[in-house]
Amino acid sequence: MSAPLVLALPSKGRLKDQTEAWLAGCGLSPAPGSDRGYRAEIPALAGLEAQFASAADIVGLLAAGEAHLGVTGEDLIAEAAGAGAPTTLALARLGFGRADLVVAAPRSWIDVTAMADLDEVAHLHHARTHGRLRVATKYPALTRAFFSRHGLSDYRIVESGGATEGAPAAGLAEAIVDITTTGATLGANGLRALSDGVILRSQAQLAASLTAPWSAERLEACQRLVLIVEAAERAGGAASLSWPAEQDAKAQQALGSFACLGAARAGGMLVARTDVFAAAEALRAAGVGPVSVIRPDYVFETAGAAFDRLAGAIGAGRR
């Protein structure tokens with residue numbers, strides 16, 4: 001393939017480490033690249049190239065169509081979507097990189113524990129100072145939408161270019177909207193999240209660009225990638241039971257109440273991993289044995305919902 005499918009990946013921090021572990025679990029680890037470490041091939045999938053950038057820059061690469069796919073935070077994708085016409089499509093939540101986007105106020109505001117309290121403080125602040133309550137954030141679009149849903153209008157956004165949680169102590173804002181994992185950094189800066197102030201429960205997402213050039217070859221490579229990702233995730237909740245073929249009728253009858261995750265086959269069945277011990281006991285009680293259990297690396301289906309959404313969004317249809 002002359003022009004590869006470009007997958008943008010985080011280049012630093014915890015998200016980089018978690019993404020590398022996720023890719024390894026899918027059998028898609030990048031090989032070391034020669035372009036100063038910014039690009040690398042992914043040997044397991046022909047036509048796929050990794051490009052490394054910061055999580056924030058990945059959203060920009062997707063919006064500009066310079067990367068076809070990317071792994072980045074859901075908070076960054078949602079903020080970009082709220083700021084203008086959609087340029088990306090979220091394909092799959094990946095289960096790592098979890099953090100909450102929250103509204104936080106000084107702990108010294110003892111009576112301010114919810115958004116309604118913040119609204120009251122904003123009114124009082126405006127009456128006293130003739131100015132609006134300042135809210136520091138890197139997420140102006142999500143903040144405005146959330147505050148609007150709560151009927152809060154006496155405020156103004158102070159766009160944060162540095163450590164947002166330090167804005168109140170520095171006298172730059174009265175409250176903040178920021179991302180947090182444990183709340184420890186908020187607490188260290190004398191802040192606390194409001195009880196109903198969770199704007200978004202974020203995690204890493206696999207997202208696709210709606211502005212990138214999607215050739216038939218790139219769509220085919222994307223479909224293969226997405227099917228692998230879905231198959232690896234599906235396998236995480238599945239187990240394969242096997243028994244002697246001559247005991248198949250008895251085994252199938254014993255497991256009739258268990259949900260089969262795939263097409264039942266002679267001498268085996270795919271079940272939910274949480275059902276393994278109960279299924280094994282049902283087989284033992286029916287006199288079926290020996291029974292072996294294998295945890296699959298992948299469980300493939302004939303179609304992929306995530307790729308279908310992308311194909312539909314770019315008007316390409318299935319390739």
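Which residues in helix 2 meet which residues in helix 3? The close-ups below take this up, then turn to a cavity. This is a predicted model, in which local features need pLDDT of at least 70 and side-chain atom pairs count only at pLDDT 80 or more, while totals for chains, interfaces and linings use all residues. Residues are numbered from 1 along each chain as its sequence is written, and side-chain values use heavy atoms, leaving out hydrogens and water.

**View 1. Contact between helix 2 and helix 3.** Ala-55, Ala-56 and Val-59 in helix 2 meet Leu-76, Ile-77 and Ala-80 in helix 3 (contact means heavy atoms within 4.5 Å; helices are DSSP runs of H or I with at least four residues, numbered from the N terminus). By class, this contact has six nonpolar, no polar and no charged residues (Ala, Val, Leu, Ile, Met, Phe, Trp, Tyr, Cys and Pro count as nonpolar, Asp, Glu, Lys and Arg as charged, and the others, Gly among them, as polar).

**View 2. The axes of helix 2 and helix 3.**

**View 3. Lining of the largest cavity.** Here you can find Leu-9, Pro-10, Lys-16, Thr-19, Glu-20, Leu-23, Pro-30 and Phe-52 (on a 1 Å grid over the protein atoms alone, a cavity is a set of points where a 1.4 Å probe fits but cannot get out; lining residues have an atom within 4 Å of a point). Helix 1 gives the largest share, four residues. The lining divides into five nonpolar, one polar and two charged residues.

Conventions:
Axes are lines fitted to C-alpha atoms, for helices over the stretch in contact, and angles run from 0 to 180 degrees between N-to-C directions. Helices (H or I, at least four residues) and strands (E, at least two) are DSSP runs, numbered from the N terminus. On a 1 Å grid over the protein atoms alone, a cavity is a set of points where a 1.4 Å probe fits but cannot get out, and a pocket is an open set with protein on both sides within 12 Å along at least five of seven lines; lining residues have an atom within 4 Å of a point.
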